[in-house]
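This report covers how pairs of helices pack against one another. Two packed helices are described by the angle between their axes and by the distance between those axes.

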Amino acid sequence: MEFNVKNGSIEKQRTGCVIVGVYETRRFSESAEELDRLSEGYLSNILRKGDLDGKVGQTLLLHHVPNVPADRVLLVGCGKERELTERQYKQLTQKAVQVLNETGATEAVSFLSELHVKGRSTYWNIRFAIEAIQELLYSYNEFKSVKPETKRELRRVIFNVANRKELAEAERALVHGQAVTLGISFAKNVANCPPNVCNPAYLAKLATQLAEDYNNITTTIVDEKTMAELGMNAYLAVSHGSENPAYLSVIEFKNHPNPDAKPIVLVGKGLTFDSGGISIKPSESMDEMKYDMGGAASVYGTMKALAEMDLPLNVIGVLAGCENMPDGNAYRPGDILTTMNGLTVEVLNTDAEGRLVLCDTLTYVERFDPELVIDVATLTGACMIALGAHNSGLMSTHNNLAHDLLNAAEEADDKAWRLPLGEEYQEQLKSNFADLANIGGRLGGAITAGQFLSNFTKKYAWAHLDIAGTAWKSGASKGATGRPVPLLSQFLINKAKL
């Protein structure tokens, strides 16, 4: 789909369709009112017959509206005036595109960006519309021998802005929206890829490809031999049961005006398949454990979005690729592992493997002297119990960083909720035989996982995002969501002060 922005009067729109809003009680939006005046009350007469009353998502497609040069006019219900939410706005945008894809219109000019969405600007209206449309159109058919037929006549959407002063912000929304949605699509593609294809080596290949595609990206791949030399024994223990070797992919984006500026580091858990190891998972829905690399997928997608936006930052994305499988070499409950920073960990459950991969990775990234580190992981089912599928869990030992991430989550409508950390949770990680146990019991499982990681982040500002509930959907709509690419991208946009 191609997107553009412009400033123009509605009576001059010679296009396949103009899209305007109608509020409840059949009250016109500003552009719809102008169309009604232009058509000498034609729209009012139609609405008086009861064809549309303005409820969110209702649509009415009209042809040959008098005195209107556009081939079609699409009226879209917008609910109660000044009470439109982000979620409703995205829904009605998607509904409009669905309707137009069933017509012969190849281009449409949308005046929905003028709608009042609570607390949002024209910039956000355009960006959210792009994200909503691309989400609607996304499909993953890579491995289908017969591709589903999709009728998509609509090829270009133009967002109209009310005055020329808003064009600069609209253009900015266009750039950001397209970059973020590209990052989301890349994250979805790699997460949806089957685990017999997407293994740690595949992640490394994708990371290397980024360096080939962008001049300001370099990629370094750390193999198991180097990990062993570095003492990354917890990471390697998880990989021992798999025939697919682990690879740590380090993607460096350097674009800060000051080349010596400290980098922001994003670390993504990349368990390309998690069987649970010796503590094997139940077979039901185990296929979804291909999504246990959702953190790495989102970091990869964010690095793609970052490169597309060409933000003036130094950012390092780290994909911690690994596979957790049971065989004669697999690590066991009861094993004690010496991590890269010297702390020992008693393994009580081999299905709590993500924190073992991440703890060594979080120690590894100390070498970059980072400004801050954010790790992203499908870490705990407990986070899903706590927050459902709507909010990612945020934990941090640094209030300012947590505040900035929550702001970015709110701005991007990629929701997160902060969970506590503290000495009480550290008590749950005590072991009789090692410095730490790798689980802290059933109570507060998401928090004790974050608390475990905090032991390896003493040398920099750090935050942890648990995306176990938000990285993918189950059931009939099964598939990756691409979250939290919008949150992370917005965080970086804010850091760049753009």
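## Helix 5 and helix 15

In this predicted model, helix 5 (residues 167-192) packs with helix 15 (residues 485-495) at an angle of about 140°, and their axes are 9 Å apart. Helix 5 is therefore oblique to helix 15, because only angles over 145 degrees count as roughly antiparallel. The crossing of helix 5 and helix 15 is right-handed.

On the side of helix 5, the contact is made by R172, H176, V180, G183, I184 and A187. Helix 15 contributes V485, P486, S489 and I493. Sorted by class, the contact of helix 5 with helix 15 has 6 nonpolar, 3 polar and 1 charged residues.

## Helix 5 and helix 9

Helix 5 also packs with helix 9 (residues 294-309), here at an angle of about 150° and with the axes 8 Å apart. This angle makes helix 5 roughly antiparallel to helix 9, because it falls in the class over 145 degrees. Helix 5 passes helix 9 in a right-handed crossing.

From helix 5, the residues that meet helix 9 are H176, A179, V180, L182, G183, F186, A187, V190 and A191. Their partners in helix 9 are A297, S298, Y300, G301, K304, A305, E308 and M309. By class, the contact of helix 5 with helix 9 has 11 nonpolar, 4 polar and 2 charged residues.

## Residues of helix 5 in both contacts

H176, V180, G183 and A187 of helix 5 take part in the contact with helix 15 and also meet helix 9.

Definitions and conventions: Residues are numbered from 1 along each chain as its sequence is written. This is a predicted model: local features need pLDDT of at least 70, side-chain atom pairs count only at pLDDT 80 or more; totals for chains, interfaces and linings use all residues. Side-chain values use heavy atoms; hydrogens and water are left out. Axes are lines fitted to C-alpha atoms, for helices over the stretch in contact, and angles run from 0 to 180 degrees between N-to-C directions. Helices (H or I, at least four residues) and strands (E, at least two) are DSSP runs, numbered from the N terminus. Angles under 35 degrees count as roughly parallel, over 145 as roughly antiparallel, 65 to 115 as roughly perpendicular and the rest as oblique. A crossing is left-handed if the near helix is turned anticlockwise from the far one by less than a right angle, and right-handed if clockwise. Contact means heavy atoms within 4.5 Å. Ala, Val, Leu, Ile, Met, Phe, Trp, Tyr, Cys and Pro count as nonpolar, Asp, Glu, Lys and Arg as charged, and the others, Gly among them, as polar.
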